[in-house]
Amino acid sequence: MKGHSADKNNNSRTIKVDYLARVEGEGALFLKIRDNLLEEVKLKIFEPPRFFEGLLRGRQFTQAADITSRICGICPVAYQMSAIHAMENACGVQVEGTLRELRRLFYCGEWISSHALHIYMLHAPDFLGYDSAIAMAKDFPDIVERGLELKKIGNDIMKLMGGREIHPINARVGGFYKVPSSQELATLRQKLTHAHDLALKTVKWTATLKFPEFSQDYTFVALRPPDEYPMNEGRVTSNKGLDIDVSEFENHFEEQHIAHSNALHSVMQPGNRSYHVGPMARYALNYDRLPDDIKQAAQAAGLGPVCNNPFKSIIVRAIEVVYAVTEALRIIDDYSQPKQVAVNVKPRAATGFSTTEAPRGLLYHRYSIDNQGLIKDANIIPPTSQNQKMIEDDLSRFVQSCLKLPDNEIQYLSEQAIRNYDPCISCATHFLKLNIDRQ
Amino acid sequence: MNDKPKLAVWKFASCDGCQLSLLDCEDELLALANHINIANFPEASRAVLDGPYELSLVEGSITTQEDRERIQTVRRQSKYLITIGACATAGGIQALRNFTQVQDLMDIVYASPQYISTLETSSPISAHVNVDFELRGCPINKQQLLEVINALLNERKPNISPHSVCIECKKRGTACIMVSQGTPCMGPVTQAGCGAICPSYNRGCYACYGAMESPNTQSLASWMRGLGVAEADILQVFRSYNAEDPAFKRQAHRHNGEPNEGT
């Protein structure tokens, strides 16, 4: 990537990546190496701040879903779902039945589309040594076309359920503006049957990639609902014993503002610990919720019930695509068109909380509203702010293990290690430059 | 390979959604890459070719001093510069800061505001450099994006209609929801291009494409008043995703008891 440079004097080296590619948003990386020891790792987020939490004040509680979806064009459904659930939570409303199922279907669309984008367009080129999926398509046209086809079917769900793929318009507090007809879902069903086949092929193919040996004892944090794989709700849990209601989130996790980043770092208390959110965390904490045939597909791809190698997150993402397709098919098969498109939600002065599982991990929203439904206060913690410290920790350990390599190879592998997290810098504020300073 | 025109994609303050529209062209992307050289598109490729570029797509608004300088560099390297989306064209949702004190917003969001460097306003690209074409929308429509790329590379005017969303409702046969259901709708003053999605989902248009070429915002505001919409809410529909759009900005002022800027 442009901006890379290496200075060698005495025992020091400097490598810079000024603008990290194939991630969403603007970021940079700085590595400082002295006497063959990695001294400092900084993931810099320089995307300009947009102050959403401030801009939301004074707007109607019904507008938060549309406004916050503009935080991220890659996972707008996640923002809409977290905002809507938090507002319903504030107003004491729980949406159940078919409307709840339709929200899940909507989310499946985003998982399929976002994961397919990351697996094929952003992450796979690292494993196969290409600069982009477009370059990769010259040698592997069938693979790239498969990825695009799968992504498109995810988008088709979002288009039907949301009106459009990016910043959909159909979700609202209480439900939807319009629900699909059984006929519309039948058309979608045909595509999803095909997507199931594509998704299974994706799992098999990702398992054939070459993975660096690198396993960590992660603190995984993900939602765990009573009886399903997590999307819209559940308790916030970890593999190290955390099990809390979402309203307690800010008692356990804290956002900190550090000088090298326009994004807030989120850490786990006590002890300012890093933690890991996203597909690997969901998988580790909810493996028992996957249908047997998907567990078998995971096993055949070499995964156990927990995956601790972040480079293998590409396989876990593929497994989640199979799950999302399977779940979408189940919802369609059980569907009968509801009479009501939304339940009535009356504002009251209260604070509401929600976390949902964005494709790249936990997305927390908290709002306080008044009797008129005006937003008084908002707090949003996106997945990449939560993973940012984890990414730096991974890099510290991983880069230390490959210091003998030339700078350009360290840079390549570092970028790949960052992409393991499918970071969304627009969410976390903005994305990546690499700077290696060797001494 | 080398004689293909070079395309660059630039990001300023934005959500990435408009440039994602290019990757969302699942059926056309690889064909497109056969005709143009995607020379600088960091979201899709780590390979970056130096300019000059035949065509630059610019996403996002200008909110920092650094970006104010960077857009000048982009302009110098580009034969054609096209802005994509509401941020680049009208400042985006983040332009709501222009109606408040940015210091207050920093204090709300960041524990250490002294680490943040930002301008007082979020401004459209056209406030800084000459723009060859502005593609509207939050987000843009990907078919319109392909049309603009195609047109510019063939040295013709893009075929993008400046009429209102109402025409699109008529085209797709959606009964007017303002007339038939009494639902307030920004369609009459909003630029077409989305395909009139919201009314087809029984929802009023919320103007994410900005103002159409000759919007009668005064008339629409009084219709909304007639439907019982409060002044504060009328202000907010004009002051949202395209708040720096001159016609919308003017109308919003009228509902805030603020003096008309006369722009």
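Colleague: What distance separates the centres of domain 1 and domain 2 of chain B, taken over C-alpha atoms?
Modeller: Keep in mind that this model is predicted. The domain assignment of chain B gives domain 1 as 6–153 and domain 2 as 165–254. Taken over C-alpha atoms, the centres of these two domains of chain B are separated by 25 Å.

Colleague: Which helix gives the most to the side of domain 1 of chain B that touches domain 2 of chain B?
Modeller: Between these domains of chain B, 17 residues of domain 1 are in contact with 13 residues of domain 2. The domain 1 side has eight nonpolar residues, eight polar and one charged. With three residues, the helix that gives the most to that side is α4 (residues 86–90) of chain B.

Colleague: Which element of chain B gives the most to the side that touches chain A?
Modeller: The contact between the chains takes 47 residues from chain A and 48 from chain B. On the chain B side, α1 (17–23), α2 (29–35), α5 (102–109) and α9 (197–200) each give two or more residues. The one that gives the most, with five residues, is α1(B).

Colleague: How many residues on the side of chain B that touches chain A are nonpolar?
Modeller: Sort that side by class. There are 10 polar and 10 charged residues on the side of chain B that touches chain A. The nonpolar residues there number 28.

Colleague: In the five-stranded sheet of chain B, which strands stand at the edges?
Modeller: This open sheet has the order β2-β1-β3-β4-β5 in chain B, with parallel pairing. Its twist averages 30 degrees from one strand to the next. Two strands have a single partner strand each, so one side of each is left without a neighbour in the sheet: β2 (37–40) and β5 (133–135) of chain B.

Colleague: Which residue of β3(B) is the bridge partner of Val9(B)?
Modeller: Start with the strands. β1 (residues 6–11) and β3 (residues 53–59) of chain B pair in the parallel sense, over five bridges. In β3(B), the bridge partner of Val9(B) is Leu57(B).

Colleague: Helix α6 of chain B lies across part of the sheet; at what angle does it run to β5(B)?
Modeller: Another helix, α3 (residues 65–77) of chain B, lies across β1, β3 and β4 (78–84), running at about 130 degrees to β4(B). Helix α6 (residues 142–153) of chain B lies across β3, β4 and β5 of that chain. To β5(B), helix α6 runs at about 165 degrees.

Colleague: Where in chain B is Pro52(B) found?
Modeller: Look at its peptide bond too. A cis bond joins Gly51(B) and Pro52(B), with omega about 0 degrees. Pro52(B) is found in the loop between β2 and β3 of chain B.

Colleague: What is the phi of Glu155(B)?
Modeller: Glu155(B) is found in the loop between α6 and α7 (165–172) of chain B. Glu155(B) is not a glycine, although its phi is positive. The value is about 55 degrees.

Colleague: How far apart are the axes of helices α6 and α7 of chain A?
Modeller: Two packed helices are described by the angle between their axes and the distance between the axes. Helix α6(A) passes α7(A) in a left-handed crossing. Their contact has 11 nonpolar residues, one polar and six charged. Helices α6 (residues 141–162) and α7 (residues 182–207) of chain A pack at about 145 degrees, and their axes are apart by 9 Å.

Colleague: Which residue in the hairpin of β3(A) and β4(A) takes a positive phi?
Modeller: The strands β3 (residues 27–34) and β4 (residues 37–45) of chain A pair in the antiparallel sense over three bridges. Arg34(A) has Leu37(A) of β4(A) as its bridge partner. The hairpin has two residues between the strands, and the positive phi, near 50 degrees, belongs to Asp35(A).

Colleague: Which helix packs on the three-stranded sheet of chain A?
Modeller: That open sheet has the order β7-β8-β9, with antiparallel pairing. Its edge strands are β7 (221–224) and β9 (243–244) of chain A. The helix packed on the sheet touches β7 and β8 of chain A, and its direction makes about 50 degrees with that of β7(A): α9 (residues 279–286) of chain A.

Notes: Residues numbered from 1 in each chain as written. Chains lettered and ligands numbered in written order. Predicted model: local features only at pLDDT ≥ 70, side-chain atom pairs only at ≥ 80, totals over all residues. Contact = placed C-beta atoms within 7 Å. Helix = DSSP H or I, 4+ residues; strand = E, 2+ residues; numbered from the N terminus. Nonpolar A, V, L, I, M, F, W, Y, C, P; charged D, E, K, R; others polar. Pairing = 2+ DSSP bridges. Domains from an automatic or database assignment. Axes fitted to C-alpha atoms, helices over the stretch in contact; angles between N-to-C directions. Left-handed = near helix turned anticlockwise from the far one by under 90°.
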